[in-house]
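Hello,

Here is the structure I promised to pass on. My notes follow below it.

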Amino acid sequence: MTLASRSLVTIDDLSNGEIEALFSLTDEMSGSMKEQFGLCRGKVMASLFFEPSTRTRLSFETAMHRLGGSVISAVDTKATSLAKGESLADMARVVGSYADIIVIRHPWEGAAKVVADYAGVPVINAGDGGHQHPTQTLCDLYTIKKERQTIKGLKIALWGDLKYGRTVHSLIFALAKLEANILFCPTPGLEVPEHVIKKLTTEYGGELEKYEASAQTSEKGLSSLDAIYITPGSPHQLAMMPNVSIQVELKRGVDALYVTRPQKERFATAEEGQEVEERYSTVDKKLLKEKEFKRTLIMHPLPRVDELACELDADPRSMYFKQAALGVPIRMALISLLLGVKEISIPHEDSSPRTDYPLYKRGFGVKCPNPRCVSVQESEVKYIKPEFKIVNSKPLTLRCVYCEHGFEPKYVASSEWHEGTLAEKKYHSAQSHWARKIKPENLIIFDSESEAEAHGFKPSHYTPEHR
Amino acid sequence: MTLASRSLVTIDDLSNGEIEALFSLTDEMSGSMKEQFGLCRGKVMASLFFEPSTRTRLSFETAMHRLGGSVISAVDTKATSLAKGESLADMARVVGSYADIIVIRHPWEGAAKVVADYAGVPVINAGDGGHQHPTQTLCDLYTIKKERQTIKGLKIALWGDLKYGRTVHSLIFALAKLEANILFCPTPGLEVPEHVIKKLTTEYGGELEKYEASAQTSEKGLSSLDAIYITPGSPHQLAMMPNVSIQVELKRGVDALYVTRPQKERFATAEEGQEVEERYSTVDKKLLKEKEFKRTLIMHPLPRVDELACELDADPRSMYFKQAALGVPIRMALISLLLGVKEISIPHEDSSPRTDYPLYKRGFGVKCPNPRCVSVQESEVKYIKPEFKIVNSKPLTLRCVYCEHGFEPKYVASSEWHEGTLAEKKYHSAQSHWARKIKPENLIIFDSESEAEAHGFKPSHYTPEHR
Amino acid sequence: MTLASRSLVTIDDLSNGEIEALFSLTDEMSGSMKEQFGLCRGKVMASLFFEPSTRTRLSFETAMHRLGGSVISAVDTKATSLAKGESLADMARVVGSYADIIVIRHPWEGAAKVVADYAGVPVINAGDGGHQHPTQTLCDLYTIKKERQTIKGLKIALWGDLKYGRTVHSLIFALAKLEANILFCPTPGLEVPEHVIKKLTTEYGGELEKYEASAQTSEKGLSSLDAIYITPGSPHQLAMMPNVSIQVELKRGVDALYVTRPQKERFATAEEGQEVEERYSTVDKKLLKEKEFKRTLIMHPLPRVDELACELDADPRSMYFKQAALGVPIRMALISLLLGVKEISIPHEDSSPRTDYPLYKRGFGVKCPNPRCVSVQESEVKYIKPEFKIVNSKPLTLRCVYCEHGFEPKYVASSEWHEGTLAEKKYHSAQSHWARKIKPENLIIFDSESEAEAHGFKPSHYTPEHR
């Protein structure tokens, strides 16, 4: 089976079987790096980094060079034609006509999907705002796999900024897919966003147990633990575990502690940064003396600042420099597969097909409320039509197909009015019982009353405000 | 015949025969891209971009990589030693001692000529301020040629910013050389500069018919048409065409509509930008329904902003993404020729040799009045001697050999005074009859009376002011 | 013998024999450039430039490409993860896990040593603040060697900014090692720093004769000569030369005049820049008419601004463009050696082993007073322990192992107190006779009284202040 011509925008673009096959190819390649040279001879990779990066960009470029390919590179919005107001789609089409594969980092969430939609060649997301960073996740998973042989059933603790870190979001979904248990240990104020939690519990089938931080758990160690995601794949270990036994279970040991830095560049205000910094606790030798960390892999996507003490660098549990180094063979394997110069056999195909949600794509009435979403940027609205998955009907919940932010729109109407079934064009509260009578294919959604009225709809007497 | 060791600074550096031979080589190369790999093995291209660019730089670098060569790259003045006050000549000599070929983009007009003068290796101008961008022109011409088989006798409409767009200036001269007819449709206020018009009519032998915009022509369609250049090569079609029949002729169809974006970064003031934006009309589906555009190639050098509607992207007449894609094989062919790894046979040599103007290069008295000309920049005046072509004698008109701006200096004198023929060192108005008695080899030209007097000349009684 | 896996941080990292062998390899390589292609096939060089550069970076990258290797490149602090507060050590470890060799330029003095300490692969210093730039020095020496066959016994004059120019500092030590005589001709106010002079006279064994500028020497020519370093290797020529005969000796000719530009970017204030500019004299045709320059090689590390007149570019004595061009083969040879793809035989080993100073590395009490030293930067103090060579004991003088700045700390104590030998923890003036009684292995050094007291020491009654 081939991955040729596919793109990697989110970690969900790869099935479990494909991830495992990619890891096998990585094993093979890292064992014979010199022999891989020439595999991509004559191929050109475009490396487009519109946000600061050292390791990701250099790692991708090294991977391509070690395969014998060439690299063209742009590293700053200001030095490119995007500064002249060009759209991402135009840029993607042009660069796609030059290069054989594109690697893109961009501050707008969903940017990589737009580039993949228009480039005509495989596209790899190297980070799109706070959304995803799937190749970092592949490095993380591959490091765990190499050390523990499997990911299924492990207990992985996530530590620090779980709100803004895109690497964490990609990792959460990947761990859930691969049936690991996840321990959330956020810095207070930087908890996992609600939309991530919702996606996690509705699509991956596990359960989320919430804890009062530092009440249920030990005062040291994982004191900031505020929730555990229990995978359906490992019922005998944690599932249905009563809260009181959590400490006992944790003492058996955490498999990996994944530390993240505060993503200050995404904080809303300088004050938020200041406050968070004071609350941010450091992972150091003292913490790692706790019993639950005896055999824990210490991980970090790097760069680190102060959240992970230098004194741990020589500790045999520290995996973060290894994690970074493995980025090269992982990316060599990925590039080879997407360019079609290598093929893989998938050991077993996933039994659980992905949830297929109905789509909402009228192109009017509602737009993504995330200001960092690519679909609402001035240079992009000219050609991007808003598009959403209807991930829930009660309450009506949309998820943007670009940035994957979820939200609950307020007003709805039916398109059936023009067929005479309804006497008048009316809009309803999304919560009302009328709303639920509208067939999905007829649904029209509005952000606001004024938006609905601008499209010629009148308020229904059955909206909550009028009852 | 070989183009090895030659530079491409302006489109005039290539004869018609050489352009045709280059296009043949491009055809050959684009049909067998993989076989070109290795042609430039061991060669190094320096890619120096001192102004924002995505497509041009990445296109050149892709071309070199697809030929198997290597690239060294500098993308910003601030990150280079030019920030330390180094001259272009020094930079050219040093980089020329590293690389086998140099590609340069620079904001100063004439910069590429200076680099070519000093580098000692072939230099390709990738855009020098508002002056020229000859490889973009080659892409444009090659796209038209591929679609229409010839350029001779076609009707090409130029649309939008015809004042600041360097791609347009290169294209105008190239179309004239290749005997196409040119329809000028400027956004009001952004008409073709006078010096371009003058060069066009004096050197290429065609005629320029001027129109009152929207009076002579249809209100829709080419409503902004203000002039037509009629090539001497196609007398039966448009030459001597009475104004009244212009509409009839146009209805027969325009071969290509070349749209350009407003070059805001070169506008004199923010107000100019604001006003122009309001007058700038958009090329969209509605416009293209006009009869004259039925089979028109829609072209744009990209990046576009709002002047060309996204709704046209799927229109079969739209050529702009193809134009960009053809940039790679065109540049592969060009690089191969200048590096001497490929040779071409010129199908037929030009019958019309270029005009040879007398040169004025005294190094004092007069300097180029264009403030963006390389010859007047602080770091360059130390070693660049002003040099001009005397392109007209009545009125006396100079054209800078660097930026090609033309101007009419005010005062002249003769160097013969020191041989005793004239009793005194006198300077004259350039308009006076005395001025025309001076032999070209004795001519001394001054910007101002004070400049003349600083060189020891006294006013002539025969200057107009004294008559 | 092999240089594989070694780093080049300062010019002292290479012995005289190694430098000569490197030059032989350079001769060999520059005679057959095409045959070198492929030597580094499959190798990756990381080119990290955190300060502006054209020639050094492009020269290194060209060298790697001409060897058939690949390059990954980062050119600006702002575009890299250092902007996120990452330490140099982390960056070095990560990039070292990608690339086979690292070239680094950085504004902090000693930065290249830190990178070399942590990268795990060979590191080449391409300039670290005002500290060193050893490959420029190799180009300089190689140019002289090619023109004069030897360096030993030559008279080399250094001209201009001898204070801030790192290329000059590297060159001074290299010339001393290779037994040349050095004539210092600084622009007034930009004399060679005292710590350089001290190292020169204590470690290289020569003598320094000082002159009153323009008193002892000719008014023209080397009028700014203020000192001569006389190598012990050439006693018959200059050593013991009475001051009165200096003019006679100089008239016999200077072998090379090494001109430098004012390093304005390192000047303390804009005023310093302004004043210096006025005092900076230009090397031009007139100066070079002086008898002592009849056969002098005119050298400059480039970029130049106004200190070296363009009128000299065609003068056969001018070597500066040749110097730049030789940067490519020199760097090809160096990269090949450090990567171990070439080996060299050392013609003769140095007879004079380097001075071995005792080390002081307690990690507290004293830190480097140079604000540009890597060891005192906020992101680096977390893991770098200050470390010094004790280069003199009377007065006690330390030299930072990172930036090589020397200084005289004020207070000392002995660590023997805790063994009960001393009744109390006391600190002493570094000048006091008590200070000199402390055994080197027991020495504790303090920057200030408050620092000493913070570590629990009390003032000794024998400190000068209390006598």
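Is the crossing in which α3(A) passes α11(A) left-handed or right-handed? The crossing of α3(A) and α11(A) is right-handed. The term is right-handed if the near helix is turned clockwise from the far one by less than a right angle, and left-handed if anticlockwise.

First, the ground rules. This is a predicted model: local features need pLDDT of at least 70, side-chain atom pairs count only at pLDDT 80 or more, and totals for chains, interfaces and linings use all residues. Residues are numbered from 1 along each chain as its sequence is written, while chains are lettered from A and ligands numbered from 1 in the order in which they are written.

**Chain A overall**

Chain A has twelve helices and 18 strands. Helices (H or I, at least four residues) and strands (E, at least two) are DSSP runs, numbered from the N terminus. Of the 467 residues in chain A, 52% are buried. Buried means 20 or more other C-beta atoms within 10 Å of the residue's own; exposed means 12 or fewer, and partly exposed lies in between, with C-beta atoms placed from the backbone. Among contacts in chain A with a separation of 6 or more, 74% join residues 24 or more positions apart. Two residues are in contact if their C-beta atoms, placed from the backbone, lie within 7 Å.

**α3 and α11 of chain A**

Back to that pair. Helix α3 (residues 55-66) and helix α11 (residues 320-338) of chain A pack at about 50 degrees, with axes 8 Å apart. α3(A) is therefore oblique to α11(A). Axes are lines fitted to C-alpha atoms, for helices over the stretch in contact, and angles run from 0 to 180 degrees between N-to-C directions. Under 35 degrees counts as roughly parallel, over 145 as roughly antiparallel, 65 to 115 as roughly perpendicular and the rest as oblique. On α3(A), the contact residues include Phe60(A) and Met64(A). On α11(A), they include Val328(A) and Ile335(A). The contact divides into seven nonpolar, three polar and three charged residues. Ala, Val, Leu, Ile, Met, Phe, Trp, Tyr, Cys and Pro count as nonpolar, Asp, Glu, Lys and Arg as charged, and the others, Gly among them, as polar.

**Between chains**

The contact of chain A with chain C takes 23 residues from each. On the chain A side, α3 and α11 are the elements that give two or more residues. The largest share, seven residues, comes from α3(A). That side has twelve nonpolar, five polar and six charged residues.

Chain B also touches chain A, with 23 residues of chain B in contact with 23 residues of chain A. Seven residues of the chain B side come from α3(B), the largest share.

Helix α4 (residues 88-98) of chain A is mostly covered: eleven of its eleven residues are buried. Its cover includes β1, β2, β3 and α5 of chain A, together with α3 and α11 of chain B.

In chain B, the axes of α4 and α5 come within 8 Å and cross at roughly 50 degrees. The α4(B)/α5(B) crossing is right-handed. Val95(B) in α4(B) and Val115(B) in α5(B) are among the residues that meet there.

The largest nonpolar core has 402 residues. Such a core is a set of buried Ala, Val, Leu, Ile, Met, Phe, Trp, Tyr and Cys residues joined through C-beta atoms within 7 Å. Ile102(C) and Val115(C) are among those touching the most other members. Leaving aside neighbours within four places in sequence, Ile102(C) contacts residues including Leu48(C), Val95(C) and Val115(C).

Best wishes
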